[in-house]
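Here is a brief report on one protein model.

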Amino acid sequence: MVLQGDLEDVAASHDDLPDAEEVYDRDEPIPLTEVFDDEFVGEHTAFETFDDLVAASPSDAASAAELDYVADGDWDEFVAEETEFDDEEAFVTAGRDHWVATRLGLV
């Protein structure tokens, strides 16, 4: 898994990276299940999918589409307990870096 510092180093060592417009459309939202794909979730949690992770959270949410139903404090605590990350911020940052590295073909 490529994380923030490593991602920047790896990207700097490639002179054939695509332009941002080739891998990301600013007008299109990025689905959470793309950022937290099965590979990422399986590598960093005991769950197989992000939907499974959300469904196991302390809320009535059954999938990523219902993540808004999970209270921030509950989600932060759940992430700390059920993932290898200390909090939601670290989890989101790692997911973002994974998504970028995947889109750029660095992983």
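The model is predicted. Start with Phe40. Its relative accessibility is 0%, so Phe40 counts as buried.

**The aromatic pairs**

Phe40 pairs with Phe36. The ring centres of Phe36 and Phe40 lie 5.8 Å apart. Their planes meet at 50 degrees, so this pair is tilted. The class follows from the cut-offs: stacked needs under 30 degrees, edge-to-face over 60, and tilted takes the rest. Phe36 is buried too, with a relative accessible area of 4%.

Phe36 has another partner, Phe91. The rings of Phe36 and Phe91 are stacked, with 4.5 Å from centre to centre and 5 degrees between the planes. This pair links distant parts of the chain. Phe36 sits in the loop between α3 and α4 (38-44), while Phe91 belongs to helix α7. The two are 55 residues apart. Both Phe36 and Phe91 are buried.

How many aromatic pairs does the count come to? The total is 9 aromatic pairs. One aromatic cluster is formed by Phe36, Phe40, Phe50, Trp75, Phe78, Phe85 and Phe91.

**Salt bridges**

The structure holds 2 salt bridges. One joins Arg103 and Glu34, with the closest N and O atoms 3.8 Å apart. This pair also links distant parts of the chain. Arg103 lies in helix α7 and Glu34 in helix α3 (residues 32-35), 69 residues apart. The cut-off for a salt bridge is 4 Å, so the 3.8 Å of Arg103 and Glu34 falls within it.

In the other salt bridge, the side chains of Asp97 and Arg96 meet at 2.9 Å, N to O. Which of the charged partners are buried, and which are partly exposed? The table gives each of them with its relative accessibility.

| Residue | Relative accessibility | Class |
|---|---|---|
| Arg103 | 37% | partly exposed |
| Glu34 | 36% | partly exposed |
| Asp97 | 2% | buried |
| Arg96 | 40% | partly exposed |

Asp97 counts as buried because its 2% is under the 20% limit.

**The whole chain**

The secondary structure comes to 7 helices and 0 strands. Along the sequence the pattern reads α-α-α-α-α-α-α. Of the 107 residues, 31% count as buried.

The pairs Phe36 with Phe91 and Arg103 with Glu34 both link distant parts of the chain.

The accessible surface of the protein comes to about 6,600 Å². Carbon and sulfur atoms hold 44% of that surface.

Methods: Residues are numbered from 1 along each chain as its sequence is written. This is a predicted model: local features need pLDDT of at least 70, side-chain atom pairs count only at pLDDT 80 or more; totals for chains, interfaces and linings use all residues. Side-chain values use heavy atoms; hydrogens and water are left out. Helices (H or I, at least four residues) and strands (E, at least two) are DSSP runs, numbered from the N terminus. Buried means under 20% relative accessible area, exposed over 50%, partly exposed in between (1.4 Å probe, protein chains only). Accessible areas come from the Shrake-Rupley method with a 1.4 Å probe; for residues, only the protein chains shown count as cover. Rings of Phe, Tyr and Trp (its six-membered ring) pair if their centres lie within 6.5 Å; planes under 30 degrees apart count as stacked, over 60 as edge-to-face and the rest as tilted.
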